[in-house]
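Open the model in your viewer and keep the selection tool at hand.

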Amino acid sequence: MRESVLQGLIQHFPNYQKAFAMKAVGLKRHLPITDADALLDLDLPQPLPGAHDLIVKVEAVSVNPVDTKRRHPKDLSGSEIPELASKGPRVLGFDAAGTVHQVGSAVTLFKPGDRVYYAGDVTRQGTNSEFHAVDERIVGHMPKSLDFAQAAALPLTAITAWEALFDRLHVSVKISPEPRPQPVLLVIGGAGGVGSIAIQLATKVAHLKVIATASRPESAAWCRELGAHHVVNHFGNIPEEVRALGIKNVDYVLIFNDTDVYLGPACEILAPQGGICSIVRTAKPVNMTPLMEKCATFTWEFMFTRASKATWDMIEQHRLLTEVGRLIDQGVIKATATTTLEPINAANLKKAHALVEGGRTIGKVVLRGW
Ligand SMILES: NC(=O)c1ccc[n+]([C@@H]2O[C@H](COP(=O)([O-])OP(=O)(O)OC[C@H]3O[C@@H](n4cnc5c(N)ncnc54)[C@H](OP(=O)(O)O)[C@@H]3O)[C@@H](O)[C@H]2O)c1
């Protein structure tokens with residue numbers, strides 16, 4: 001049954017509800033995805049724009065592991081969400097494509113009617129709602145050649161992969177004056193959402209040689225289709241498998257899965273002066289000493305940092321999403337949505353969460369329409 005959060009408002013302001021209600025999907029308690037109340041259909045008030053905000057009419061969304069991690073039980077009693085108890089239900093969703101409906105007073109980059117795609121900010125309400133408020137500086141113009149569902153698959157993973165390669169590891173496409181072999185990148189978790197974009201950016205934009213990891217014939221085939229030159233199995237001995245390809249070591253490693261498991265093999269196979277970037281937090285302290293004698297670098301990537309900390313350069317995400325859109329429209333990069341569900345409601349979002357939680361999706365799961 002649809003939750004009516006508006007009931008209180010309606011009692012006091014009877015005219016408010018009809019004009020400004022919207023559908024949304026959210027949670028009130030952290031529950032396993034098998035629980036009927038894990039995600040709820042809700043009626044919520046439409047958001048109002050801050051000065052830099054766009055109000056976007058959301059047409060499609062995608063589901064990422066961040067959704068399932070934020071929804072997941074924090075304890076076994078399925079407790080109320082403490083930080084939101086006074087603010088109402090939590091709306092998840094950190095990828096959207098849609099049309100600009102309204103703009104804030106300081107907005108300069110977009111106008112009503114523009115088609116946009118973006119991931120949003122994990123410290124604000126998510127995109128699983130008919131209307132959504134987002135800072136224009138982290139929004140890109142949607143690729144013209146994609147529909148809303150295909151576009152919604154891209155932003156979070158494209159920002160992560162782009163920032164990891166170009167802003168954290170400082171991978172360059174510049175031609176060095178000294179002749180040198182083509183740099184080699186190892187992507188651990190190649191067939192997932194982030195891996196699917198990273199392989200393409202690395203091979204088609206940075207012109208690296210890419211070794212991806214995948215554990216199944218279908219995920220290995222997907223990595224090769226996206227441009228990976230080699231595929232090794234992440235459940236095997238990765239350094240041994242890489243050396244068996246005749247490759248002594250790699251210049252860069254991207255860790256898109258368990259950092260506690262993969263940092264050791266990454267340090268072992270990394271070349272002197274190489275770089276490792278991980279996007280998955282560790283459960284325990286990590287040992288960086290193996291990197292010392294290689295003068296090697298370890299860096300984190302967290303794609304919500306720029307938006308949630310309002311860094312001076314947060315507009316880089318607007319620029320990179322617009323650039324990724326151009327690469328898509330030019331046919332350099334291909335879209336990564338592999339499963340589409342419709343409409344956007346609690347039942348379908350539960351299906352999508354279950355798929356992503358299974359850890360075996362290839363590419364991205366998207367939902368479209370209300
Ligand atoms: N820091 C950030 O800003 C940021 C941003 C995005 C994502 N993340 C995190 O990065 C991780 C990856 O995200 P994603 O969206 O790419 O995930 P995803 O799409 O759910 O990844 C699915 C892929 O993971 C692979 N996989 C499963 N078990 C694995 C293992 N033990 N070792 C290596 N790969 C394994 C599977 O490949 P096979 O079937 O071939 O095994 C599958 O294709 C998640 O933990 C996510 O929360 C962080």
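The stops below start with the overall fold and end with charges over rings.

**Whole chain.** This is a predicted model. Show it as a cartoon: the chain has twelve helices and 17 strands. Colour by burial next. Of the 370 residues, 52% are buried. Now consider contacts with a separation of 6 or more. Residues 24 or more positions apart account for 71% of them.

**Aromatic pairs.** The structure holds four aromatic pairs. Select Trp162 and Phe166. Their ring centres are 4.9 Å apart and the planes meet at 65 degrees; over 60 counts as edge-to-face, so this pair is edge-to-face. Where do Trp162 and Phe166 sit in the chain? Both belong to helix 5 (residues 155-168), four residues apart, which means about one helical turn separates them. Trp162 is buried, at 16% relative accessibility. Phe166 is buried too, at 16%.

Move to Phe298 and Trp300. Here the centres lie 5.0 Å apart with the planes at 90 degrees, so this pair is also edge-to-face. Are the two partners buried or exposed? Phe298 is buried at 18% relative accessibility, whereas Trp300 is partly exposed at 41%.

Next, select Phe94, Phe302 and Phe304. Ring pairs join these residues into a cluster.

**Charges over rings.** Select Lys57 and Phe131. Lys57 lies over the face of Phe131, 5.8 Å from the ring centre. Finish at Arg115 and Phe148. Arg115 sits over the Phe148 face, at 4.6 Å from the ring centre.

Methods
Residues numbered from 1 in each chain as written. Predicted model: local features only at pLDDT ≥ 70, side-chain atom pairs only at ≥ 80, totals over all residues. Heavy atoms only, no water. Helix = DSSP H or I, 4+ residues; strand = E, 2+ residues; numbered from the N terminus. Buried < 20%, exposed > 50% of the residue type's maximum accessible area, 1.4 Å probe, protein only. Contact = heavy atoms within 4.5 Å. Phe/Tyr/Trp six-rings, centres within 6.5 Å; stacked < 30°, edge-to-face > 60°. Lys NZ or Arg CZ within 6 Å of the ring centre and 35° of its normal.
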